Amino acid sequence: NAQPVGAIRSLSGNLDLSVASSFAGQLTEKSLSNRYTLETLGLWQFTTFIGGHLPQYDLFETRGNIPYQVPIHWWTGARVSSPRNKRVSASLGANYGEQRGRPGPDVFVDLGVRPIDRLAFALSGQWSGSFGRPRWVAEREADAMPIFARATIHSVEVSLRASLAITPQLSLSSYNQLLHTTAHHTEFFELPSPETLVSIAPDDWFGIVDRGLSSLVSNTILRWEYLPG
């Protein structure tokens with residue numbers, strides 16, 4: 001049987017290599033990543049990872065038009081989590097990646113509270129950003145040419161889950177999510193071929209393709225199991 005080593009309860013690592021192709025022979029995935037996780041005897045958990053992909057085709061970025069070749073992209077990140085068997089637990093982490101020098105950071109936090117055995121709350125929040133990476137914004141009507149732009153994107157997501165076991169047969173659960181995202185675009189391009197972005201004048205697109213979205217989703221379910229199973 002495996003035994004702890006000093007204060008280390010477990011230590012694991014994995015290496016993932018992924019290669020995928022479309023039916024037309026276009027390589028849609030050429031990625032390599034690895035992850036390491038350490039857990040202490042006190043059930044503190046530390047995770048770190050790093051990965052990246054070579055240029056690969058995205059068949060869906062142009063919404064059914066020609067594929068777009070996503071350039072080399074690398075990422076790294078870490079997470080630390082407090083003991084999950086406590087009444088209050090937390091997890092904090094961050095990711096960072098670059099695509100041709102254009103950053104895309106993420107920061108997230110999770111908080112779990114279990115005041116009594118039958119009641120549990122889970123609150124999570126995440127901020128994501130993307131700065132200057134090209135993305136599809138429109139299609140020119142005259143010739144169906146895909147139009148791209150460098151995007152500055154900010155996204156904030158907050159969610160709250162709650163569950164209450166009223167009796168062994170009767171329970172109440174709730175899920176609530178608030179999402180807010182904005183996207184501002186500059187430096188417009190057209191995509192004549194999957195590997196080529198050609199700069200164009202911004203006059204027809206600047207300000208028109210900017211987007212913002214706010215949404216609230218809320219679901220609550222009362223479950224009664226009148227017979228076991």
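**Entry 1: Ala144**

I started at Ala144, which is partly exposed because its relative accessibility is 33%. I keep in mind that I am looking at a predicted model. Ala144 sits in the loop between β10 and β11. I checked its backbone next: phi is positive, about 60 degrees, although Ala144 is not a glycine.

I then came across Glu187, another residue other than glycine with a positive phi, near 55 degrees. Glu187 belongs to strand β12. At 46% relative accessible area, Glu187 is partly exposed.

**Entry 2: Arg140 and its partners**

I went back to the loop between β10 and β11, since Arg140 is there too. Which side chains does Arg140 meet in a salt bridge? I found Asp143, at 3.1 Å from N to O, and Glu190, at 2.9 Å from N to O. Glu190 lies in strand β12, residues 170-193, so its pair with Arg140 ties together parts that are 50 residues apart in sequence.

Arg140 comes out as partly exposed, with 25% relative accessibility. Asp143 is partly exposed as well, at 44%. Glu190 is buried, because its relative accessible area of 17% falls under the 20% cut-off.

A reminder to myself: side chains of opposite charge can pair when their charged atoms come close.

I searched the whole structure for salt bridges and got eight. One that I followed up joins the side chains of Glu39 and Arg84, with 2.8 Å from N to O. Glu39 is in strand β2 (residues 27-40), while Arg84 is in the loop between β6 (73-81) and β7 (88-99), so this pair ties together parts 45 residues apart in sequence.

Are Glu39 and Arg84 buried or exposed? I noted Glu39 as buried, with 4% relative accessible area, and Arg84 as exposed, with 54% relative accessibility.

Arg9 turned up here as well: Arg9, Glu39 and Arg84 are linked in a network of salt bridges. I placed Arg9 in strand β1, residues 8-21. Its relative accessibility is 45%, so I put Arg9 down as partly exposed. The side chains of Arg9 and Glu39 are joined by a polar contact of 2.6 Å.

What else does Arg9 touch? Leaving aside neighbours within four places in sequence, I listed Pro4, Glu39, Thr40, Leu41 and Leu43 as its contacts. I also took one distance across the model: the C-alpha atoms of Arg9 and Ser163 are 30 Å apart, and the two residues are separated by 154 residues along the chain.

**Entry 3: the nonpolar cores**

Next I turned to the inside. Which residues make up the largest nonpolar core? I wrote down nine: Val137, Ala138, Met145, Ile147, Ala149, Phe188, Ile200, Trp205 and Val209. Strands β10 and β11 each supply at least two residues of this core.

I picked out Val209 and looked up its contacts. Not counting residues up to four places away in sequence, Val209 touches Val137, Ala138, His185 and Phe188. Of those, Val137, Ala138 and Phe188 are in the core along with Val209.

There is another core of six residues apart from this one, and its members include Val70, Trp136, Phe189 and Leu191.

**Entry 4: a nonpolar patch on the surface**

Last, I looked at the outside. Which residues form a nonpolar patch on the surface? I found Val88, Leu111, Val113, Phe121, Leu123, Val156, Val158, Leu160, Leu178 and Leu216, with about 790 Å² of accessible area together.

I wanted to know where the patch comes from. Three strands each supply at least two of its residues: β9 (106-116), β10 (119-139) and β11 (146-165). β11 gives the most, with three residues.

I took Leu111 as one member to check. Leu111 is in strand β9, and I noted it as partly exposed because its relative accessibility is 36%.

**Entry 5: tying it up**

Conventions:
Residues numbered from 1 in each chain as written. Predicted model: local features only at pLDDT ≥ 70, side-chain atom pairs only at ≥ 80, totals over all residues. Heavy atoms only, no water. Patch = residues over 30% accessible without salt bridge, like charges linked within 9 Å, V, L, I, M, F, W, Y side chains within 5 Å. Areas by Shrake-Rupley, 256 points an atom, 1.4 Å probe, with all protein chains shown as cover. Salt bridge = Lys/Arg side-chain N within 4 Å of Asp/Glu carboxyl O. Helix = DSSP H or I, 4+ residues; strand = E, 2+ residues; numbered from the N terminus. Buried < 20%, exposed > 50% of the residue type's maximum accessible area, 1.4 Å probe, protein only. Core = buried A, V, L, I, M, F, W, Y, C linked by side-chain atoms within 4.5 Å. Contact = heavy atoms within 4.5 Å. Polar contact = N/O pair within 3.5 Å; in protein donor to acceptor, adjacent residues only side chain to side chain.
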